[in-house]
Amino acid sequence: MSRPRKPKGRPVSGWLILDKPFDFGSTEAVSKIKWLFKAQKAGHAGTLDPLASGMLPIALGDATKTVPYVMDGRKIYEFTVTWGEERTTDDLEGEVVRSADKRPTADEIQAILGEYTGVIQQIPPQFSAIKIDGERAYDLAREGETVEIPSREVEIHRLTLIGCPDENTAAFEVECGKGTYVRALARDFGRQLGCFGHISALRRTFVAPFGEDDMVPLTDLVALEKIEDEAERLAALDALLIDTGEALSSLPQIVINDDQAHRLRMGNPIILRGRDAPVSADEAYATARGKLVAIGEIGGGEFRPKRVFAG
């Protein structure tokens, strides 16, 4: 029998909250971070288009097990819509497919925003990762196909018109739930206002539970490459990581001792004691000495692990 292959790289774990630069792909960014940290595993929590900048949470090692919890979190975007043209991609990258001379006033824009707040139906862009008959919509769009993409329910928590720098552009901020396409908002605004529109600038500033203060510019990371001593360089990089458990702040937390942590890591349930112990929860997480031990469920006076994390 052949021996199992040893994973390449370090078993480093945690979240790196990258401030992704403009014109840099999300997959490219993950590869760069994985290489810089010499990490065994890496993944991101929510793609940012190359023409978008801002927050791209990147999970290293065991933190990849917590990606779904960040994917489900609220997001905040700042974006600019340029009026007068609708494009195939609903942003600057696409070809113009419709145009109009009309330009909306701030009052006209403000008057429609209430219709895009709350739980709404939204049709994703033709250039999106939605699957149609097993194929990505953007692959079909690149082949010149126009496909019927069904609308889906998304939630807009807050939508604000920040201002109109000139008659051709308007700046907005939106706080939204999972699956919302900001490019589709620009497209739909333009159609409803009769002037057409597309995204000309897009920046993500928040992905729950991470905020702007957590972001690290790519230039800061690249600057650390100049440190010749590898151990010193990796230590400087690791100091920028956020603990894996921070991704689970929306879940109930239980604090346990070392013996209980050992039991959980072996896949065994633990008994919860004390008046403050949660009675039941479909999902919760356990920590020991400030470090994430397991994600599991609470019921019948026990915490039962579903996913465990290395010490």
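Biologist: Let's start with Cys195: is it buried or exposed?

Modeller: Keep in mind that this is a predicted model. Anything under 20% relative accessible area counts as buried. Cys195 has a relative accessible area of 0%, so the call is buried.

Biologist: And which cysteine sulfur is nearest to that of Cys195?

Modeller: Searching the whole structure turns up zero disulfides, and Cys195 is in none. A disulfide would need the sulfur atoms within 2.5 Å. Here the nearest cysteine sulfur is 11 Å away, and it belongs to Cys164.

Biologist: What about Cys176, buried or exposed?

Modeller: The cut-off for buried is under 20%. Cys176 comes out at 1% relative accessibility, so it is buried.

Biologist: Zooming out, how many helices and strands does the chain have?

Modeller: The chain has 311 residues, and 46% of them count as buried. Its C-alpha atoms fill a box of roughly 70 × 50 × 40 Å along the principal axes. As for the elements, the count is eight helices and 18 strands.

Biologist: What kind of aromatic pair do Trp15 and Phe210 form?

Modeller: There are four aromatic pairs in the structure. For Trp15 and Phe210 the centres are 5.6 Å apart, with 45° between the planes. Stacked needs under 30 degrees and edge-to-face over 60, so with its 45° this pair is tilted.

Biologist: How many residues apart in sequence are the parts that this pair ties together?

Modeller: Trp15 is buried at 0% relative accessible area, and Phe210 is buried at 2%. Trp15 belongs to strand 1 (residues 14-20), while Phe210 sits in the loop between strand 12 and strand 13 (216-217). The pair therefore ties together parts whose separation in sequence is 195 residues.

Biologist: Why is the pair of Tyr116 and Phe189 called edge-to-face?

Modeller: Both partners are buried, Tyr116 at 8% relative accessibility and Phe189 at 0% relative accessible area. Their ring centres lie 4.9 Å apart. The planes stand at 85°, and over 60 degrees counts as edge-to-face.

Biologist: Which residues form the aromatic cluster?

Modeller: Tyr116 lies in the loop between helix 3 (106-112) and strand 7 (118-122), and Phe189 in helix 5 (residues 182-193), 73 residues apart. Both belong to one aromatic cluster. Its members are Phe79, Tyr116, Phe172 and Phe189.

Biologist: Which strand gives the most to the lining of the largest cavity?

Modeller: The count comes to one cavity of 30 Å³ or more, and the largest cavity holds about 80 Å³ of space. Its lining has seven nonpolar, one polar and three charged residues, among them Phe22, Asp49, Arg183 and Ile199. With four residues, the top contributor is strand 12 (residues 197-207).

Biologist: Last one: what distance separates the C-alpha atoms of Ile33 and Leu237?

Modeller: Ile33 is in helix 1 (residues 26-37), and it is buried with a relative accessible area of 0%. Along the chain, Ile33 and Leu237 are 204 residues apart.

Note on methods: Residues numbered from 1 in each chain as written. Predicted model: local features only at pLDDT ≥ 70, side-chain atom pairs only at ≥ 80, totals over all residues. Heavy atoms only, no water. 1 Å grid on protein atoms, 1.4 Å probe; cavity = no way out; pocket = protein on both sides within 12 Å on 5 of 7 lines; lining within 4 Å. Points joined across faces, edges and corners; volume = space filled by probe spheres on them. Helix = DSSP H or I, 4+ residues; strand = E, 2+ residues; numbered from the N terminus. Nonpolar A, V, L, I, M, F, W, Y, C, P; charged D, E, K, R; others polar. Phe/Tyr/Trp six-rings, centres within 6.5 Å; stacked < 30°, edge-to-face > 60°. Buried < 20%, exposed > 50% of the residue type's maximum accessible area, 1.4 Å probe, protein only.
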